[in-house]
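Here is a short note to read beside the model. Keep the structure open while you go through the points.

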Amino acid sequence: MTVYKGRIWLIFEDGQLMDDIDTDMIYHNKYLAITDKSQMGQYTFDNLKGYEDFAKKAQPQDIVVVGANFGSGSSRQQAVDCFDNLGVTCILANSYGAIYKRNAINSGYPILTIKELDISALSTGDVVSIDTDSGTMEKDGLVIGRTMPLSTVQKDILAAGNVFEYAKGL
Amino acid sequence: MGQTMIEKIMQKHSNEDAEPGKIIWIGIDVRSARDFGGANVVKNMNTYYPGEKVNDRSKTYFTFDCNVPANTIAYANNQHICRKYAKEQDVRVYDVDAGIGSHVMIEEGLLAPGETGVGTDSHLNILGAIGAFGQGMGDQDIAFVFKAGKTWFEVPETVRIDVEGDLPANCTARDLTLKTVGTLGTKTALGKAEEFFGSAIDKLDLSGRITLASMATEMSSIIALLQPNDLVLKECGAARGSPVQGIAPDADAIYSGNVTVDIGGLKPQISRPGKPHDVVDVETVNDVQVDSVFIGSCTNGRYEDIKAAADVVKGKRIKSGVFGSVVPATRRGYIRLMKEGVLETLMDAGFLISNPGCGGCASGQIGMTGEGQVQVSTSNRNFTGKQGAGFTYLASPETAAASALLGRIATKEEVK
């Protein structure tokens, strides 16, 4: 059983989870020459309106909650690695850009997809736990949402660590 | 059961059944990395496969197009890491003079219809223009393919897009493309393949097909696949040096959705700043003053695109105070434009011409916008901060050229 527990960040725009957050908003192209993962976290969301100070305020084990088409845009791995570097536990979104989804899965970074979520029951800073096997999301012992089941390949790669380790077992 | 184009291509490259939703392994015909992401691909190779050879050197390439030649030490270092690795592996590098990798692949015939290619360019799905499967990926994904020669894919569902009507004479493939992007937005084809049908699509030349396919990414689509017509097959065959086969969906293929895009009576289209899918008629914003114009990119940087812009400005001058720049997509395109005097026409009109590559999109290569600056660009993305601190509108080369002449957003018909 895998349970992700942490303090949530609701990334909002006009009172709704923000859609279409692209990779330039997550990790701007001016930092692309950086190849050292430990240098990436500090720039997370610094081009996302209203969340420019995210990297300073984020704490290890936080969970980021966003809307649809998260990570659309470029193929940069940094837009996944920056969250890992900050220690963010996982990302929870209504849906992901296709390349972003692959990058996260292959690098063994947990991304989860919302099936249903009662936003009105949540505020940024609340502590929630997500059980990826049962797909339930709880706050204070109450179920407040559900997540989509992980694909077999995502589960296997997460268990192996990354796609390179996973492939050795094939 | 009938198959869509993407299912057929994946089926041909796999020994598993290519059914939508199923995860299968597919062989990759062309594996590439750009200067953007390339150094990290090398880093991954050295970390996970130290001292080992790539799966097939003849199918592996580096293409430098993002920051060419490098104008930061970091990019210069990254490019050089790729060059050294390529030399060790005896892998071909299309260096800083070659142009945009995806365009080079088509021009050089590295990829043909029905084949598969991956790279660190998020617009590599542009290969859908020739009916090939292309996919942009991150650096770990690409390193894995360099070594394995194959990777896993979830076979996507396909959305069928019927384009109805004929393209009006005052409109271009870019206007059709923007109309489609505006109609579908970022959710209709999210994570799905697109297939286009209609007589207007059949008539598109390779240049127009590239424009359309290049914006699949902005529709959040995996790829926009177009059935090659005879002209495209001929061009791809000539590039490869041997005849190539077309690819078509089965008549009973199953689509997860149908969308109709009506282009009868279409007017020139433009995306407003911030969102490529925020598309309106150019005439609704033609009071907006313009500070700069960029013509180029993988969407509209072909010979045909730049020639079309030159035809609008021939014998005229860019409005005083407006900065205009042109970046041909490839070296080959640049040479043809130069030999035919097209670049001269553009320079006489006041445009700056840069060497081929991704200039205008990749930050910094040919300038960025300052705060409050309004730019009309033929590129494919205008996300906040992408091309600088200003406001970027996306439109056809003709609209961009006309806007440069008049100093406000304008269609070519407004140029007297």
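1. In this predicted model, 28 residues of domain 1 of chain B are in contact with 31 residues of domain 2 of chain B. Contact means heavy atoms within 4.5 Å. The domain bounds come from an automatic or database domain assignment. They are 5–154 for domain 1, 158–262 for domain 2 and 270–414 for domain 3. The centres of domains 1 and 2 of chain B, taken over C-alpha atoms, are 23 Å apart.

2. How much area do domain 1 and domain 2 of chain B bury between them? The value is about 2300 Å², with 64% of it on carbon and sulfur atoms. Buried area is the accessible area (1.4 Å probe) that two parts lose on being put together, summed over both.

3. Two salt bridges cross this domain interface by the rule. That rule asks for a side-chain nitrogen of Lys or Arg within 4 Å of a carboxyl oxygen of Asp or Glu. B:Lys8 pairs with B:Asp250 in a salt bridge, and their closest N and O atoms are 2.9 Å apart.

4. Now look at the side of domain 1 of chain B that touches domain 2 of chain B. Helix H1 (5–12), helix H4 (101–107) and strand S6 (133–136) each give two or more residues to it. Helices (H or I, at least four residues) and strands (E, at least two) are DSSP runs, numbered from the N terminus. H1(B) gives the most, with five residues.

5. Next comes the interface between the chains. Together they bury about 3200 Å², 57% of it on carbon and sulfur atoms. B:Phe36, B:Gln140 and B:Trp152 supply 20% of the area that chain B buries against chain A, more than any other three residues.

6. How many salt bridges link chain B and chain A? The count is two. B:Lys187 forms a salt bridge with A:Asp19, with the closest N and O atoms 3.2 Å apart.

7. A word on conventions. Residues are numbered from 1 along each chain as its sequence is written, chains are lettered from A and ligands numbered from 1 in the order in which they are written. Local features need pLDDT of at least 70, side-chain atom pairs count only at pLDDT 80 or more, totals for chains, interfaces and linings use all residues, and side-chain values use heavy atoms, with hydrogens and water left out.
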